[in-house]
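Please consult the sequence and the structure alongside the text.

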Amino acid sequence: MRTDNTDRIPDHVLHEAVQSTLGGEGLRPISGGYNFRCPICGDSKKNKSKKRGYILYNDGIWKYICHNECGSMSFLHFLKEYHPAKFK
(Lines give C-alpha, C1' and ligand atoms only; values in the text may rest on other atoms or scores of the structure.)
Protein backbone atom coordinates (compact mmCIF):
# COMPACT_ATOMS: atom_id res chain seq x y z
CA MET A 1 0.00 0.00 0.00
CA ARG A 2 1.43 3.35 -1.04
CA THR A 3 1.29 6.22 1.42
CA ASP A 4 2.03 9.78 0.40
CA ASN A 5 5.11 11.22 2.06
CA THR A 6 4.27 14.37 4.00
CA ASP A 7 7.76 14.78 5.48
CA ARG A 8 8.50 17.74 3.24
CA ILE A 9 5.25 19.55 3.99
CA PRO A 10 5.35 21.55 7.24
CA ASP A 11 2.67 20.59 9.75
CA HIS A 12 1.30 24.14 9.88
CA VAL A 13 0.51 23.92 6.13
CA LEU A 14 -1.39 20.66 6.64
CA HIS A 15 -3.26 22.08 9.64
CA GLU A 16 -4.25 25.05 7.47
CA ALA A 17 -5.43 22.68 4.72
CA VAL A 18 -7.61 20.82 7.21
CA GLN A 19 -9.10 24.06 8.53
CA SER A 20 -9.85 25.47 5.07
CA THR A 21 -11.30 22.28 3.57
CA LEU A 22 -13.20 20.86 6.54
CA GLY A 23 -13.96 23.92 8.66
CA GLY A 24 -17.58 23.90 7.51
CA GLU A 25 -18.07 20.28 8.60
CA GLY A 26 -18.15 21.09 12.33
CA LEU A 27 -14.41 20.51 12.71
CA ARG A 28 -13.41 19.71 16.29
CA PRO A 29 -9.75 19.48 17.35
CA ILE A 30 -8.90 16.33 19.30
CA SER A 31 -5.62 14.99 20.62
CA GLY A 32 -3.55 14.04 17.56
CA GLY A 33 -6.01 15.27 14.96
CA TYR A 34 -9.48 16.47 14.11
CA ASN A 35 -12.99 15.02 14.24
CA PHE A 36 -15.82 16.10 11.89
CA ARG A 37 -18.85 14.92 9.93
CA CYS A 38 -17.56 12.93 6.97
CA PRO A 39 -18.01 15.00 3.80
CA ILE A 40 -17.90 11.84 1.64
CA CYS A 41 -20.71 9.72 3.12
CA GLY A 42 -22.44 12.43 5.17
CA ASP A 43 -22.42 10.26 8.32
CA SER A 44 -25.74 9.49 9.98
CA LYS A 45 -28.85 10.86 8.29
CA LYS A 46 -30.90 10.43 11.49
CA ASN A 47 -28.44 11.90 14.00
CA LYS A 48 -26.76 15.09 12.74
CA SER A 49 -24.47 15.24 15.80
CA LYS A 50 -22.58 12.04 14.85
CA LYS A 51 -19.08 12.73 13.59
CA ARG A 52 -17.29 9.70 12.19
CA GLY A 53 -14.63 11.42 10.08
CA TYR A 54 -11.10 11.94 11.41
CA ILE A 55 -7.84 13.47 10.27
CA LEU A 56 -5.12 11.93 12.44
CA TYR A 57 -1.43 12.76 12.46
CA ASN A 58 1.55 11.18 14.15
CA ASP A 59 5.27 11.59 13.36
CA GLY A 60 4.57 13.46 10.11
CA ILE A 61 2.04 10.90 8.85
CA TRP A 62 -1.40 12.36 8.14
CA LYS A 63 -4.39 10.04 7.51
CA TYR A 64 -8.06 10.52 6.72
CA ILE A 65 -10.31 7.94 8.41
CA CYS A 66 -14.08 7.45 8.31
CA HIS A 67 -15.57 5.00 10.79
CA ASN A 68 -18.63 4.63 8.60
CA GLU A 69 -18.31 3.28 5.07
CA CYS A 70 -15.52 5.36 3.52
CA GLY A 71 -12.51 3.60 5.07
CA SER A 72 -9.16 5.36 5.23
CA MET A 73 -6.58 6.99 2.97
CA SER A 74 -3.68 9.36 3.27
CA PHE A 75 -4.69 12.97 3.87
CA LEU A 76 -2.96 14.04 0.65
CA HIS A 77 -4.98 11.47 -1.31
CA PHE A 78 -8.13 12.81 0.36
CA LEU A 79 -7.20 16.36 -0.69
CA LYS A 80 -6.33 15.26 -4.24
CA GLU A 81 -9.59 13.31 -4.64
CA TYR A 82 -12.10 15.61 -2.91
CA HIS A 83 -10.43 19.05 -2.86
CA PRO A 84 -8.24 19.19 -6.00
CA ALA A 85 -7.90 23.00 -5.99
CA LYS A 86 -6.51 22.95 -2.43
CA PHE A 87 -4.25 19.99 -3.28
CA LYS A 88 -2.56 21.99 -6.06
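**An exposed loop residue**

D59 is exposed, with a relative accessible area of 70%; exposed means over 50% relative accessible area, buried under 20%, and partly exposed in between, using a 1.4 Å probe and protein chains only. The structure is a predicted model, in which local features need pLDDT of at least 70 and side-chain atom pairs count only at pLDDT 80 or more, while totals for chains, interfaces and linings use all residues. Residues are numbered from 1 along each chain as its sequence is written, and side-chain values use heavy atoms, with hydrogens and water left out.

**D59 in its setting**

- D59 is placed in the loop between β3 and β4.
- The phi angle of D59 is near 50 degrees, a positive value in a residue other than glycine.
- Most residues other than glycine have a negative phi.

**Overall architecture**

- The protein chain holds 3 helices and 5 strands; these are DSSP runs, helices being H or I with at least four residues and strands E with at least two, numbered from the N terminus.
- Starting at the N terminus, the order of elements in the protein chain is α-β-β-β-β-β-α-α.
- The protein chain is as compact as a globular protein of 88 residues, because its radius of gyration of 12 Å is close to the 12 Å that the globule rule gives for that length. The radius is taken over C-alpha atoms, and the rule is 2.2 Å times the number of residues to the power 0.38.
- Along the principal axes, the C-alpha atoms of the protein chain fill a box of roughly 40 × 25 × 25 Å.
- Of the 88 residues in the protein chain, 32% are buried.

**Helix α2**

- Helix α2 spans residues 75-82, and F75, L76, F78 and L79 are buried in it.
- Seen down the axis of α2, the buried residues fall within an arc of 160 degrees, so they line one face of the helix; the arc is that of the directions from the helix axis to the C-beta atoms.
- The buried residues of α2 pack against α1 (11-22), β3 (53-58), β4 (61-66), β5 (71-74) and α3 (84-87).

- K51 lies in the loop between β2 (33-36) and β3.
- With 28% relative accessibility, K51 counts as partly exposed.
- Not counting residues up to four places away in sequence, K51 touches G26, R28, N35, F36, R37 and D43, where contact means heavy atoms within 4.5 Å.
- From C-alpha to C-alpha, K51 and Y64 are 13 Å apart in space, and they are 13 residues apart in sequence.
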